[in-house]
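Subject: Structure handover

Hello,

Here is the structure you asked about, followed by notes on what was found in it. Please read the notes with the structure open.

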Amino acid sequence: MNIQTENDKIPQHIAIIMDGNGRWATEKGLPRTEGHRQGAKNVRVILEHAKERGVKYVTLYAFSSENWNRPKEEVNVLMELFRKYLKEDVADLQKNKVCVSFIGDRARFPEDMQERMNEVERETADYDDFHVVLALSYGARDDMIAAIKRIAMDAMDRKCMISAINEQVVNDALSTHGIPYPDLVIRTSGEQRLSNFLLWEIAYAELYFTPIYWPDFNEQDLDIAIEAYGRRNRRFGKV
């Protein structure tokens, strides 16, 4: 029998699908964009509390590759929010020695945002106490297709034998290489699906769904999710 220790009850890596901003705003008679603004403010609250609880990694699904298809006005507001977040909130993370990294197709963002992402990653790369991973313009299927292409090119160039392709080779080709697999995935808003998020990486993660919209998801709600995780018997397929 696999017995959990006290440390096992705190997930080392939490991945969050921050859903429900638009519905939160609509139900309050506000523009959907106001929901995104409130959701952005909530990010700092949850990250600070996760760090206090002893979590080492938090990955936030902030903008999917499919989100580019939303109305132009909504996308423009989101871009401005991301730009503001990169300038102000990420600067605070840097000051607090938080390692910040980005996954997703950053080439679709304006050049100034790409430069800021690269700068932040360089300047925080050596910080190791707490890691924040922002999934922007991210889609798991796109990431896996890109990984397959990299592996195929290496095989064609004889840098990798086909017989040597294993889980580690795939891991190293993904944009999440070097980041431990999530232990817990939280999705807010009541939806119970993964929406093309970290499909390879969360094969053995615990899933937690809550009806609370992201702007209302607070420290106590995070505690409840962590406590639910701690009550589960994680055997990873073992008896």
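**His-36 and its partners**

The side chains of His-36 and Glu-74 make a polar contact of 2.8 Å. A polar contact here is a pair of N or O atoms within 3.5 Å; within protein, one must be able to donate a hydrogen and the other to accept it, and residues adjacent in sequence count only if both atoms are side-chain atoms.

Before going on, note that this is a predicted model, in which local features need pLDDT of at least 70 and side-chain atom pairs count only at pLDDT 80 or more, while totals for chains, interfaces and linings use all residues. Residues are numbered from 1 along each chain as its sequence is written, and side-chain values use heavy atoms, with hydrogens and water left out.

His-36 sits in helix 2; helices (H or I, at least four residues) and strands (E, at least two) are DSSP runs, numbered from the N terminus. With a relative accessible area of 7%, His-36 is buried. The terms are set as follows: buried is under 20% relative accessible area, exposed is over 50%, and partly exposed is in between (1.4 Å probe, protein chains only). The side chain of His-36 also has a polar contact of 3.5 Å with that of Asn-21. Leaving aside neighbours within four places in sequence, His-36 is in contact (heavy atoms within 4.5 Å) with Asn-21, Arg-70, Glu-74, Leu-78 and Leu-81.

Asn-21 belongs to helix 1 and is buried at 12% relative accessible area. Outside the four places on either side in sequence, the contacts of Asn-21 are Gly-35, His-36, Gly-39, Trp-214 and Pro-215.

**The largest pocket**

Rolling a probe the size of a water molecule over the atoms shows where empty space is left. The search used a 1 Å grid over the protein atoms alone: a cavity is a set of points where a 1.4 Å probe fits but cannot get out, and a pocket is an open set with protein on both sides within 12 Å along at least five of seven lines; lining residues have an atom within 4 Å of a point. Grid points are joined across faces, edges and corners, and a volume is the space filled by probe spheres set on the points.

The largest pocket has a volume of about 600 Å³. Its lining has 29 residues, and those nearest the centre are Met-18, Asn-21, Tyr-61, Ala-62 and Phe-63. At least two lining residues come from each of helix 1 (21-27), helix 2 (32-52), strand 2 (57-64), helix 3 (72-95) and strand 4 (131-138). By class, the lining of the largest pocket has 15 nonpolar, eight polar and six charged residues. In this scheme Ala, Val, Leu, Ile, Met, Phe, Trp, Tyr, Cys and Pro are nonpolar, Asp, Glu, Lys and Arg are charged, and the others, Gly among them, are polar.

**The cavity and His-13**

One cavity of 30 Å³ or more was counted, and the largest cavity holds about 60 Å³ of space. Among the residues lining the largest cavity are His-13, Thr-59, Ile-179, Pro-180, Tyr-181 and Pro-182. Seven nonpolar, three polar and one charged residues make up that lining.

His-13 is in strand 1 (residues 13-17) and is buried, at 2% relative accessibility. The side chain of His-13 makes a polar contact of 2.8 Å with that of Thr-59. Beyond four places in sequence, the residues in contact with His-13 include Tyr-57, Val-58, Asp-183 and Leu-184.

**Other points**

- Arg-53 lies in the loop between helix 2 and strand 2 and is partly exposed, at 27% relative accessible area. The side chains of Arg-53 and Asp-223 are joined by a polar contact of 2.6 Å.
- Ser-189 is not a glycine, yet has a positive phi, near 90 degrees. Ser-189 is in the loop between strand 5 (184-187) and strand 6 (206-209) and is buried at 8%.
- Asn-196, also not a glycine, has a positive phi of about 65 degrees. Asn-196 is in the loop between strand 5 and strand 6 and is buried at 14%.
- The structure holds zero disulfides, a disulfide being a pair of cysteine sulfur atoms within 2.5 Å. Cys-99 is buried at 11%, and Cys-160 is buried at 15%.

Regards
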